[in-house]
Structure formats: structure tokens, C-alpha cells
There are 2 protein chains.
Amino acid sequence: MRPSEFLLVSHESVLCFVPVGGCKADWRPSNSPKLIDLMDYPVPGIGTYEDFNTIDWVREKSKDRDRHREITNKSKHSTVALLFSISDAFSGWLLMLLIGLMSGALAGGIDIAAHWMTDLKEGVCLNGFWFNHEHCCWASNETTFQERDKCPQWKTWAELMVGVSEQGSVNVLNHFMYVSWALLFAFLAVILVRAFAPYACGSGIPEIKTILSGFIIRGYLGKWTLIIKTITLVLAVSSGLSLGKEGPLVHVACCCANILCHFFTKYRRNEAKRREVLSAASAVGVSVAFGAPIGGVLFSLEEVSYYFPLKTLWRSFFAALVAAFTLRSINPFGNSRLVLFYVEFHTPWHLLELIPFVLLGIFGGLWGAFFIHANIAWCRLRKNTRLGHYPVIEVLVVTLLTALLAFPIEYTRMSSSELISELFNDCGLLDSSKLCDYSGNSGGTSGSVNATAANGLGARLAGPGLYTAMWQLALALVFKMLITVATFGIKVPSGLFIPSIAVGAIAGRLLGVGMEQLAVHNHDRKIFRGWCSPGADCITPGLYAMVGAAACLGGVTRMTVSLVVIMFELTGGLEYIVPLMAATMTSKWVADALSRESIYEAHIRLNGYPFLEAKEEFPHKTLATDVMRPRQSDPPLSVLTQSGMSVEEVERLIADTTYSGFPVVISQQSQRLVGFVLRRDLVISLENARRHQEGVVSVSAVLFTECGPPASPSAPPAVKLHNILDLSPFTVTVHTPMEIVVDIFRKLGLRQCLVIQNGRLLGIITKKDILKHMAQMANRDPESILFN
Amino acid sequence: MRPSEFLLVSHESVLCFVPVGGCKADWRPSNSPKLIDLMDYPVPGIGTYEDFNTIDWVREKSKDRDRHREITNKSKHSTVALLFSISDAFSGWLLMLLIGLMSGALAGGIDIAAHWMTDLKEGVCLNGFWFNHEHCCWASNETTFQERDKCPQWKTWAELMVGVSEQGSVNVLNHFMYVSWALLFAFLAVILVRAFAPYACGSGIPEIKTILSGFIIRGYLGKWTLIIKTITLVLAVSSGLSLGKEGPLVHVACCCANILCHFFTKYRRNEAKRREVLSAASAVGVSVAFGAPIGGVLFSLEEVSYYFPLKTLWRSFFAALVAAFTLRSINPFGNSRLVLFYVEFHTPWHLLELIPFVLLGIFGGLWGAFFIHANIAWCRLRKNTRLGHYPVIEVLVVTLLTALLAFPIEYTRMSSSELISELFNDCGLLDSSKLCDYSGNSGGTSGSVNATAANGLGARLAGPGLYTAMWQLALALVFKMLITVATFGIKVPSGLFIPSIAVGAIAGRLLGVGMEQLAVHNHDRKIFRGWCSPGADCITPGLYAMVGAAACLGGVTRMTVSLVVIMFELTGGLEYIVPLMAATMTSKWVADALSRESIYEAHIRLNGYPFLEAKEEFPHKTLATDVMRPRQSDPPLSVLTQSGMSVEEVERLIADTTYSGFPVVISQQSQRLVGFVLRRDLVISLENARRHQEGVVSVSAVLFTECGPPASPSAPPAVKLHNILDLSPFTVTVHTPMEIVVDIFRKLGLRQCLVIQNGRLLGIITKKDILKHMAQMANRDPESILFN
């Protein structure tokens, strides 16, 4: 050791040369062999976290760097170690590959199962009960292209049970079977969730956001959650409730990632590394939900992730691609398309159309703000009143209401994905839907080819079928809006991407058709003249549906770029980026003006999770001294001294307080900071010393230095704890503005920070203190922050 | 003021109650009115930076938050202030709009001008000299689709001057004119750069990376640089040198952004805010270069930006879109496509083709590593020998060499963009190029339609034209590889995207044609049987060219995701993401294994800029104490005391040292840290006090506290400097591992950090110290870091 590595600690402490070089790794309570040398045996539990606690990102990242360094050093000495080092370097990519394959396969399975069970509510295939409606009729081969959804092998329940009877009772019977199946599915879903995995309910994105920011919720991403969520997601989607599978798919992908992490030491042991993988997994979830790998990566970056280094960007992208291709090779939609709603528009948009697009953006923003407000109010009601005691009954009531009200109208009876598909669709020559019933055609579901082949402007005049469709869509819009508020938050897996998209698509289509009819009726007015030349379509209602969908989803989730990219990947054309961008930006601005939080953040706050939002600036002008504990009126800060305390004193301090860590100072008078020790590490070490170290009694000295004051030979042996002492705690001064403190916490992922003035320790700021302070400044209840 | 806001500073200092609340804003040397109250008048220059210095991100961001807070507070009191506050909030978006419009327009102009001047080297249009070759023949209307590049109005120089003569002398004359024009353009370019804007040379991306990381290079993004770079870029591209306009377009976009920032107080006054805008501008640059807005944003995120908050992500995206649409409406390529190389492939790729794709990746990685090594060696030679004294001659020699050697071969004579376009292109029915000369067709430039319409496998047998093309391409590959090394770094604007893409595309096309012929000749072998069914194309050489291009560009720049997304936007199909991903990843791994740095980082290091790479982990196990100054053998740290020093003493300290800042301590003995003061602020304040404050003499006391020790009535008035004192300097302990210190510097954007132990100030670490330490650990010369 070079002489320069000795430093005089302080004139206040006992004279003691601390070899700086020798302490290099010791402050880190990791499981590295270095620690074993010092303690003779590793103490299990040191360096781990309790449930519902926040991790220390700096410590975790240091642990990983140590591990990496050790492997690199070893690899220079032996070939086996070199191979191990190479496999370690590639294990991240392998893990990504596995996550992509597993998530893609699961998503494919969920799609197929949900498709089949949704059709099961209406009828059954005689060729084999495992065929869904579409496959049944494909297999039959007797059907023409026009009537591809009608074939003799597919029987509705009424047909099957009573044979051909009069139309009225058939309808009633079908409705009854529809409701019964829906109730059965919903009941199974909620019972399974209640019995096996309470964490499987909801969308999961708020919790995943919190977990990614460094919180620990044990079991939230476990194997039971995965199994139950996968099964109940199928059940919930099939029951016809107003919910989607996109959010839960993110949760499913994260569960896969978390489970697969257990096979890789690098990720199993390190909370920070595991979170990098989970960030990638949430990209995978969106990638399989929408078939949009780039959109998925941007979603992870923009919406859920907290720590997203470039390495994670590459890996997320890789995993998202693998997942998308796995899903495509499973081909759940039977059309070898990667995407859920494939659309192709042929008409370019006109600059003037930006006005209705911005209107849709405003609608989306208003809907987002309304939905968040109403849903949170409803959830709060559920939480605080007796309503919350009967989750099963609540689910059944919501399902019953949905099924009863949804059945009569065609657009609410069909699954939301089908509805959205139909709304996005541009009316082609062969479309037989009511929405394409133009120019007095009989149209509608009767299946006749309508006459848009003539394709004059007159061909775009609305027929009676279209007017009926408009009324039904308007009813469906109101119904969807109300039922979605009640649905999001019940105790089954429920995403809100699809319901939001459905609301927006209905509104957009309504406006689009309205604009179209306006243009048709006024095609010789000045405003339409240069734009809607006779004989050409000038307005695409499907595009309006899509823009509306983006606006509404944007209003609820406050996504922008990722949303536009997802939509871009759905359509595959750069052409429509500007309308989408205009609508999502307007939507975000309107919604932000009404309330700052997205639905996910609102739910995080409702649950009291410690989440430090990275997007929002801290606008207040407070200083660290205003936030730190202890306050002026409180008893002084509980500190340990680096020497001079006995085991009993330390144990009493632990018993008397509930703090999760204690600063260590040179002496009570000087309050000169030495380091910081975590409560959990301290408790475990002391217990361990009492149990395994010979001669440790209550009066034994506790030393946080490598060499203590010279002890008398008769004294019991001291408990040396300098190896659990963090010698480089983060400090700020009392004058530091809170905005900078918040920035440090966010960017470095701190758990706590010590406050000093002129070298004297004055207090401590934890993440919880900051969140409480922020709540207080925003006139909210600071006690709503429950965890640290 | 509440009593709790008084804190006892220290028992060591003179007893003095410092009102904590009153100091809240004072540590910040901003131009806010608060300061005016204290100083009676603002001191100009305080809070600004010198040229070739690093900014303090934390201070800049605080300044902006103060400004924002002030506007928000004022807006509550008057309507005018409210309107101002709204306009302030939207000024960022307005600025983005303007940047998009201006950059798009400039890029369109550059494209058109470069196109015209490139053709000018070959001939001139009789209809009007301002038409380029293509427009000339479009306008003539006499040409058929087959011979669209031949028309009587377009005359080569030889035709124009000597009429029709024998073929040999025509060729020689054309070659002579080609070389002369090239030399003229290159001479003009280098002379303009030398005379008006030396910063206009090169690609500009290394410097922009450094500037974005917080460095100041005055004039680098100024109006002269913009004007000269735009003009000389056209000249350089037209001269036929092996360089591209993509990198310089990023520089041009950043110049636009910087100039436009001057019209917005918010961005003019704040270095951090301005860098957010510049990050967005680099996305704009790539967006207009490739017509790839999403790829541009990801390029900015992955490759150039340092601080990229979500807000910047949204704004970049907006600006990139505006720019892309502006460019499209200018329509420089005359095909209403947004993109430079529009390609459409029809054949899906086979899994086995991943092997040649990975091979291309390996080639790309090797090329990248070779290019960086050779180019840096060449630049170092230029820098250290007399070669660097003759930049004009160097440019002329390189141009002469390029022009002389490039003319004889068709593929090097055409502009790189045309070459790439042709290489990417899939052979269609009407292609008359030699590359599409299959199955013994006469093909080639003679213009006959080849017979791929028959489209059997036999149709893909190479004809003599293709064999010639292969030889010429192989020669072109070697030529491009060598000349690009010599070109990148000469004193004209030069990007290397296009040359790298060209190298990769040639290599890819060669391999692709090779694979194709292999498949054609062995189509009944087992390996090709299930894949290349007779009568269908099974291998697309154009796709190989594209994969090769991505691999080579990836090897040089080490981009991955952004590169794949750019390529995806060029083709518009998700289909080819996997081949591109495989090639770019392989290329990155191979190149990284050979040397860690991208070409931009290598150039940054060559120039000694202080750039702290965010991608690389700090792998060493050193502590803060190993890096901090002063070292053991050095004289002690130069500090100021908070009171007790005279003006003369402080001035002597400033004169004797060159440090850019000084810690302020309570007293020399205790070394308890109070704050930090910047040299520039100190010098300006003292000069200002000497000039404007009455009675200040050399023995006047300098006080960094609000109330000093009671002075005798006869003493001259004290200079109070607590308003320039940063009361919350960042501190770490001596035991902090350097990896954490590096992390703090990167994430918070620090300039310096103080090192304390047990409350005593021991040393200081600056960004330069860290970079020197990193250089030393990597066995490089620490003195290569020139700036702080």
C-alpha cells in the first residue's frame, strides 16, 4: 500500500490511520467474495430489500459493476472463466430472445382463445366445438365470399336447442345464452383472481410503472400472477366487458420477463438489472398487443420506463421484434398480418380537414379528463365505502348490465376489436356493412354489393342503412363511455386501450360521415370546390375514426409520440402522421389543461405508491431545509456514532425508531458525517453477531471504523460493522433548492439523501419526504403517500 | 420571517444568525430582479461562460426554472402577463415550426442546386442552363420512357464545343471538362471555407455532440457558418468528391436552430434550453437528409444528444415532421416521395439468407473499424506534419484524383446517391441497367428491355452485361473505400453517411448477385429446393445492397436502432427489419470488438474536446480520492474563506492560479465547506466593485456572508459577494467510487464536484480531471484532453 493512501481522518476522532485503498469495496454490502473475506462467512439477507420498499439504484448498479469487474478480471486467467464471461455478456440477449418468444406465444394463445370464447357466447360449430365462427365457416367451404360469416355448420344456441322456431323467441333465447355465458366467464375470472392471484386484476401498468421506478411488490410479477392473469384475461375479454387485453398483455410480458430472469444470476440477484429487463418487456407487451415493435419501444420509453439506458433501447427493440415475429408465425388473426387493425386508405387528406381533426383532439382531451376524473371518483368510492367489500357481485352486476344493454345494438354486441376494425375500414366496393350503405342502396347486413362502383359524388350520399348505423353508433358511444368508467378497476384483468380506441373511433366515424355528407351536399360551395372534385372520394370517414381513436387514447394515457408511431405502424403510411399528430397533441394539451395526470399516474396516486414523476417540473421555491427531517419541533436526528456505542444502545435505537436507515457520525457533538447504514443490514448483522460471533454481549462495542479506540483486554470483543457502512452517502446542503434535490433523486434513483451545513449533519430527506412535500405543495393530502 | 428559519451557522465562525429563508435565491448568479435589489444594478457578464468552456447544466436549468416561476407568478396578477405567459409556453413549439420550415427549405434548395451542378459537370441544357439533365429531358417531351435520360436538348460539353467529332476525342474532352468543373467547385468550396467560416468544414457531428454535452464553441453555429456551409456543401457535393450531405445537413439544421433561438429570450439567454432545441434540430437534420422523421428523432436520441427529456422528444418529432413535409412540398427529387431512395421489394426473405446478411454485418464491422483507424491516422498525420499547412492544395489533389479515377467507370462517375439508388433497386421488367442484364440479354446501357418477363429461373442467369457490372463494381468498391478515407476530414463540408452507404451497397449487391447466381446454378440442390422454386425470384440483390449499406453505416457510426428505423422508413415494410437488425447488430459487435469508438467519438478525442461518453460504463475500481486535486505532492487546495480576506488577497489568488472556480470555507483551519464561487463571476464582481462601489480599496474586506464580523467604523466598506456564491455545491466523499462520480457528472451535467471527508473539504474533481483519469486508465495520453 502506498503511503499516500493513508489519510488522517479527523482531529476530533481518535487518531487512526484509515487505509483508504483498503476500504475501496467495503462500503458496499454486496455478496461479493471480498465481503466473505472480511466477515469469514456471508450474512444472508444483507443487500436485499423488504416488500413494499424502494430500492437504491446506485447501490444496485454498483453491485452489478462489481460483479462485472470480477468476471472480467477472472476471464484473463482461465479459458473456462473467459467462456463464462462471454456467455454472461450474451445472456442479456438470450434472455430477450426468450422473453420475445414466450410473450409472443402467450399473446397468440390469448388471441386464439379469446376469439373462440367470444364466438362461443353466440353459438357453436358443428364440425368441432373448438372452431370459432370464422374458422368454422372457412372449413365448411360451402360459403361464398359475400356470406363468409354464414354457413350451415355454425349454429346459434337457439338454433341448436329449439330448432327453427319463430324469430322472437329465438332472439330472446340467444340473448339469454349470451348473457349467461358472459356471466359465467366473468364469474370464473373474478373467482380465479380472488382465489389465486389478487395481483392479476386491473391493467397492471400503474404498478409496473411504480416497480420500474424502483419499488418492490413481491409476487406482482410472479408465476401465479402470470398463469391466472393469462386465463382470466381470456375470460374477461370473452365475457364482453368493455375492456381490452393490451394493458394486461404488458403485465403478462413483464411476468414472463421476471420469471425468466430467475434463470440468469445476473438478473436474479440485481434489482436494477431486472428493471432494465422489465422495461424491455413492457415494449414487448405493446409490440404483441398492436403488432407495433417500434411503437412498443417508444411506449416503454415515453410512458412506463424510469431508467432507460441505450443498451436497454437496443435490447427492447430486439425483444419486441422477436415477439412480433413469433406472434406473426402463430398467425392468430388468420391473415398473416402482424397488426390488429390493418387499414389502407387511398385518398390523401386536405389541409382544411385539420379543423375536424383538431376538434377530435379536443373531444379526446375532454373524454380523457372526464374518464380519469370519473373513474378515480368511482374507485375512491369503491375503496372507501362498503361497495368494495363485494367485488364478485360488482363484477357480475357490471357484466350483467353490459351484456343486457350491449346485445340489442349490433355495434356493442360485436367485440370491441371487430367494431374498431369496421370503423377504421374505408368503404370499398364489396363492403356489405351498414356503414357503407351509400346512395339509397338497400345495403346493410342484407349483404348486397352496394353501388359505389358508379363512384360519382352522388354515390357518397348516405342511404337509410347509414342513417340507422349513425343512430346506433351514437347510442353505442354513450353506452361505451359510461360502462368503461365503471369497468376499469373491477377485479378482473382489464385494459383500457381498446375501450378508449373504441370511443374515439365511434366519435371519429360519426364526425367523418358528417363531414362527408356536408361535402356531398355542398360540393359546389367555394370551400369544397377545389378539394372535392366530383367523381372522387374526398373524405375518408375511416381516417377520422383512426384520428379520433388516437385522440381519445392520447387523452386518457397522455402518450404522444409512441401513440403516433403505433398508429403509423398500423397503417404503414407517413401520409397520416400529421393528422394523428395534430389530434394527439391537441388532446394532450386539452387534457393537461384540465388535469395534469394520466390515468396511470392517477391510479398510482390513488394507491399511494411512491412514484416520482419524471415528466413534471417541480415548480416550487422551497429549499432542502424546508423538507428535511427532523423538523424544528421534532427530537434531534437519530444517529449512530462510529465508535463508542454498545450493542445494547444500538439495539435500543433500532427498537425505538422505525427509520429505515441511520447516519453514522464521528461524535454526537461534532455531527461530522462518516457514512450511512441501512436498518435492515444493521438488524441482520447484529443478530448474526449475537448468534455466531463468540463473546458478543450487550455491552460489546459496536465499531463502524476499521480500527477502534484501544480497548481494555478484559472488554468483550467488539462487533465490527464497517462493512455494512456506506461511506459515500449522498449529501446536499440546507440551501439546495428542492428542484435540484428532486432532480438528483430522479436521475440517480436515490432512496435517501443527507442534509449538511458547513460540514455538520443536520437532517435527512427520503423519497417519501419529497413525495409528501410535493403533495402538500399541490394542496393534496400528504398522508396519501403510504410507502417509502 | 419565522424563527425556525434562523440557523446557527457554526460555532467556529463569528456568531451570526443567517436567515435561511432570505438566502433562497441568492446563491444563483442569474439576472433576475432579486439580484438587482441586492446589488442595486445588475452586473453584466455574471452567469455567462467563456469560449471553449463547459456549462453548468444544474445552474442553467435552475435559471430557467426561476424565469418560468417568475412568469407564472406575474401571470396571476395581470392579463398582459397572462398572455405573455401563454405565448412563452408556446414559443417552444413556434420555434420548432420555424426550424422545421427553414431547414426543410434549405435542404430542398441544397438538393436542387447540387443536382443541377452535378449535371453541369457533364453538359448543359439548351432550353435553359438552369435545367438539370432530368428536367431538361422532361421539358423536351420528345423522349420516350425508355430513353428518358437522352434528349437532343441536353448537350455534353464536347458536343457543344466541337460538334460531332470522333468518339475518342469527345471522351477526352468530356473527361477534361468533368475534371475542370470538379476542380473549380472544390477550389471555390475550400476558399470560401478558409476565408469566411473555418467551422464550416467537416461533417460537424462530432462538434455538435460536444456542444450538446454542454461545451461552448462560439460561432460554430453562427450565421456565417450557416451561409458558407450551405454554399460550400453544394459545391463539395457537386465536385464529385466521395462525401455526402447528410452529416452537414445536421450541422445546417443546428445553425438554423441556433440563429432562430436569438429571437426567443427563453432560448437566447439559457444554454441548457438552447441545447434542447439543438437536440431537436439534429433530428430535423436527419429527417430532411433521409426523409425519415422517426429515424431522425431516434438518431438524435441514440447518437448525438446528451440531455433528452420527453418534452424534447415530442418537439423533435414535431419539428422533424414539419421539415419532412416542407421538403416534400419543395419536391426536390421530382417524384413527390419523401425519401432519397425509395425501394419496394416483392420477394420475402428466407431464414437461410441470414447467413449472408450476417456476413455483410461482419464486413460492415470490419470496414467501420478499418475506416475509423485509417481516417484517424490520416487526420493525425495531417495535424502533426506539414501536410496540414496546405489545405487548399490537399483538397485540389484529392478532387483531381477522384475526378480522374472516377470518370472512366460508370458507377463511380455517377453521383453516389444515384449509384445507391441503382444498387438498392430490384430489377423490374423495364430496367435497362447493366445490373439487370440477365439470361444472355444484350442489356446494359444499350437500353433494350430485357426478357425477365419470361421470369423462369433461367431468366435470372447472369448475362455478359452483369458480369461487366460486377467487375466495375468491385473496382468501384476498392476506389470508394480508399478515397473516402482520404476525403473525410479535408477542409470542405463532408458527411460520411453516403460514402459508407455506397461502400456497403456495392458490397451487398456483389454478394447478392453472387448468392443469386449460386441459387440459380444449384436450384435443384437440397438447400435451395424448398426455397427457390422455379419460376419465382428467390433472392433480391437489392435487399442485399440495402443490408450491406446498413451494416457499413452501422460499423462507422455504431448506430443500431435509429439506423434500422431509417432503413425501415426508406422501405416502409416491417418485413425487412430482421435482416437489417441482424446485420447492424453484427456490424456493431464486430466493430466494437476491434475498437470501442465510433468515428464521431474518435474525432472528438482527436480534437481534445471534453466529452463524457454516456454509453460506456466506467470499468475501473478507483475512488474519488485517486482523481481529486490537489494530489499528495501538490500544494494545498486554493480556497477562499467566507470572511477575513481582503480584496487584494483575493485578487492575488486569482492572479496566481488558473482554476475556474474556488471553494469557500469557514476558515483555513477547519476547512468546513460553505460554498463555491466561479472565477469568472469573482473577477467580474471585484472589477465591478472597484469601479462602481465607493471607497473600495485593496484592503477592503471581501465577505461571502450576509453579515460579516463587526468592522471598525474607520475600515473601508466591505465587498459583499454572497450573491455570487453557490451555497449548494455538489459534494462526494473521498470513498465514493469513481463509477458513481462519473455517473453523477453525466446525469446531472456537472462541471465540478467537491470532495469532502467527515465534513472537511479535501479536494475538487472537474470534468477535465475525470476525462484525464479515464484517458490514463485506458492507457492514452491524459494531456490530449485540452479543454475544461
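Which residues in α26(A) meet which residues in α27(A)? I found A:Val647, A:Val650, A:Glu651 and A:Ile654 in α26(A) meeting A:Arg679, A:Leu682, A:Val683 and A:Leu686 in α27(A); contact here has C-beta atoms, placed from the backbone, within 7 Å. I sorted the residues of this contact into six nonpolar, no polar and two charged (Ala, Val, Leu, Ile, Met, Phe, Trp, Tyr, Cys and Pro are nonpolar, Asp, Glu, Lys and Arg charged, and the others, Gly among them, polar).

A note on the source: this is a predicted model, with pLDDT of at least 70 needed for local features and 80 or more for side-chain atom pairs, while totals for chains, interfaces and linings use all residues. Residues are numbered from 1 along each chain as its sequence is written, with chains lettered from A and ligands numbered from 1 in the order written.

Next I looked up the axes. Helix α26 (residues 647–656) and helix α27 (residues 679–692) of chain A come within 11 Å and cross at roughly 140° (axes are lines fitted to C-alpha atoms, for helices over the stretch in contact, with angles from 0 to 180 degrees between N-to-C directions). The two are therefore oblique, a class left over after under 35 degrees (roughly parallel), over 145 (roughly antiparallel) and 65 to 115 (roughly perpendicular).

Then I turned to chain B, where three strands form an open, mixed sheet in the order β5-β7-β8 (strands are DSSP E runs of at least two residues, helices H or I runs of at least four, numbered from the N terminus; pairing needs at least two bridges). I saw β5(B) run parallel to β7(B), joined by two bridges, with B:Thr641 partnering B:Val665.

How values were computed
Contact = placed C-beta atoms within 7 Å.
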